[in-house]
Amino acid sequence: MNQKFTEFKLAKEKSEKKVIIGGALLILSVILFLILAQSGLSLVAIIVAIPAIVFLIQGFSQFNKMNKRFKSEVLTDLIASYVDNGIFIPQNGLSRSQVKATEFVKLEERYHSEDYLSGEIEGVSFISSDVKIEDRRTRHTKNGTQTYYVTTFLGRVFEFEFNKNFDGYIQVLEKFRPTVNRGYDKIKLESVVFNKKFKTYTTNDHSAFYVLTPHFMEALMSFEQNNKGNVGFSFIDNKLYIGINNFRDTFELKMFTPLTENTVKEFERELLVIRDVIKELKLNNNIFKEEN
């Protein structure tokens with residue numbers, strides 16, 4: 001592992017050096033162009049720009065290839081140590097329909113997902129992936145109408161097999177809103193602190209109060225406190241959906257950020273989020289199973 005880690009570290013640094021050299025040459029070519037344009041010697045600037053572009057393309061390309069290898073060779077082994085029957089497919093992700101099933105993550109024109117992960121922890125099945133959603137917007141300027149995109153969701157979406165078929169639908173949302181019309185009622189729970197942090201929507205008051213016990217509310221609050229960003233939970237049929245909009249790509253190496261043992265530990269902490277959900281929310285026991 002240490003030899004492999006050192007190999008990736010050196011490959012990362014090599015690709016970053018090419019990007020730095022390419023960027024420096026590109027800046028130099030722009031300066032030369034501004035200085036020499038009036039003297040008719042702008043060709044010199046173009047000559048300098050060519051290797052600049054080559055270095056930049058090579059650097060980014062090598063970094064992306066190294067990142068993909070890191071996921072397949074390092075992260076796959078890490079996942080196997082925490083997830084039973086784990087499947088990690090970096091180039092794939094949850095489908096639009098799977099994310100739509102959360103009923104609180106709003107889909108827009110642009111959709112991308114990657115780093116698909118599925119498996120079991122303590123007997124609880126789950127699937128998840130990183131998701132990026134962008135909304136198409138327009139603005140009017142003196143030069144005409146411009147189209148641009150705004151990222152509305154960038155984070156991770158989880159689907160857990162819950163141990164109860166819910167009677168009705170429940171959503172516990174920090175800043176999200178239900179995206180479907182099921183006749184939801186907004187309710188207040190016993191905890192004032194919980195009500196300040198989350199908005200609770202349900203189609204069945206009795207079911208909501210049965211599921212959202214004081215202990216369960218504490219577990220949801222603890223999860224929210226340990227995970228930065230906008231968090232939402234929905235209980236639909238026998239599924240628990242969780243969305244974390246934290247504007248982060250979960251399993252991505254970052255250019256010009258040192259690759260150290262702490263990098264792997266950070267990825268490890270991301271996996272522990274899944275375990276924490278199962279343990280904190282007690283998905284691995286039968287407390288919510290209905291009586292026969």
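At what angle do H2 and H7 pack, and how far apart are their axes? In this predicted model, H2 and H7 pack at an angle of about 55°, with their axes 11 Å apart. Axes are lines fitted to C-alpha atoms, for helices over the stretch in contact, and angles run from 0 to 180 degrees between N-to-C directions. H2 and H7 are therefore oblique to each other; angles under 35 degrees count as roughly parallel, over 145 as roughly antiparallel, 65 to 115 as roughly perpendicular and the rest as oblique. H2 passes H7 in a right-handed crossing. A crossing is right-handed if the near helix is turned clockwise from the far one by less than a right angle, and left-handed if anticlockwise. Phe70, Leu75, Leu78 and Ile79 of H2 make the contact with Val264, Phe267, Glu268 and Leu271 of H7, where contact means heavy atoms within 4.5 Å. By class, this contact of H2 with H7 has seven nonpolar, no polar and one charged residues. Ala, Val, Leu, Ile, Met, Phe, Trp, Tyr, Cys and Pro count as nonpolar, Asp, Glu, Lys and Arg as charged, and the others, Gly among them, as polar.

Residues are numbered from 1 along each chain as its sequence is written, and side-chain values use heavy atoms, with hydrogens and water left out. Because the model is predicted, local features need pLDDT of at least 70 and side-chain atom pairs count only at pLDDT 80 or more, whereas totals for chains, interfaces and linings use all residues.

The protein has seven helices and nine strands. Helices (H or I, at least four residues) and strands (E, at least two) are DSSP runs, numbered from the N terminus. The radius of gyration of the protein is 24 Å, while a compact globule of 292 residues would have one near 19 Å; the radius is taken over C-alpha atoms, and the globule rule is 2.2 Å times the number of residues to the power 0.38. Along the principal axes, the C-alpha atoms fill a box of roughly 85 × 60 × 30 Å.

Helix H1 (residues 2–36) packs against helix H2 (residues 42–80) at an angle of about 160°, with their axes 7 Å apart. That makes H1 roughly antiparallel to H2. H1 passes H2 in a left-handed crossing, and the residues of their contact divide into 23 nonpolar, eight polar and seven charged.

Helix H6 (residues 214–226) and helix H7 (residues 261–280) pack at an angle of about 165°, with their axes 10 Å apart. H6 is thus roughly antiparallel to H7. The crossing of H6 and H7 is right-handed. The contact is made by His215, Ala219, Ser222 and Phe223 of H6 and by Val273, Val277 and Glu280 of H7. Four nonpolar, two polar and one charged residues make up the contact of H6 with H7.

The nine strands form an open sheet in the order E1-E2-E3-E4-E9-E8-E5-E7-E6, with antiparallel pairing. Two strands pair if DSSP finds at least two bridges between them. Strand E1 (84–89) and strand E6 (185–187) stand at the edges, each with a single partner strand, so one side of each is left without a neighbour in the sheet. The twist averages 20° from one strand to the next. E6 pairs with strand E7 (residues 199–202) in the antiparallel sense over three bridges. Asp185 stands opposite Thr202 in E7, and Lys186 stands opposite Tyr201 in E7. E5 and E7 also pair in the antiparallel sense, over four bridges, and Ile170 stands opposite Thr202 in E7. H6 lies across strand E5 (170–173), strand E8 (230–236) and strand E9 (239–245), running at about 145° to E8.
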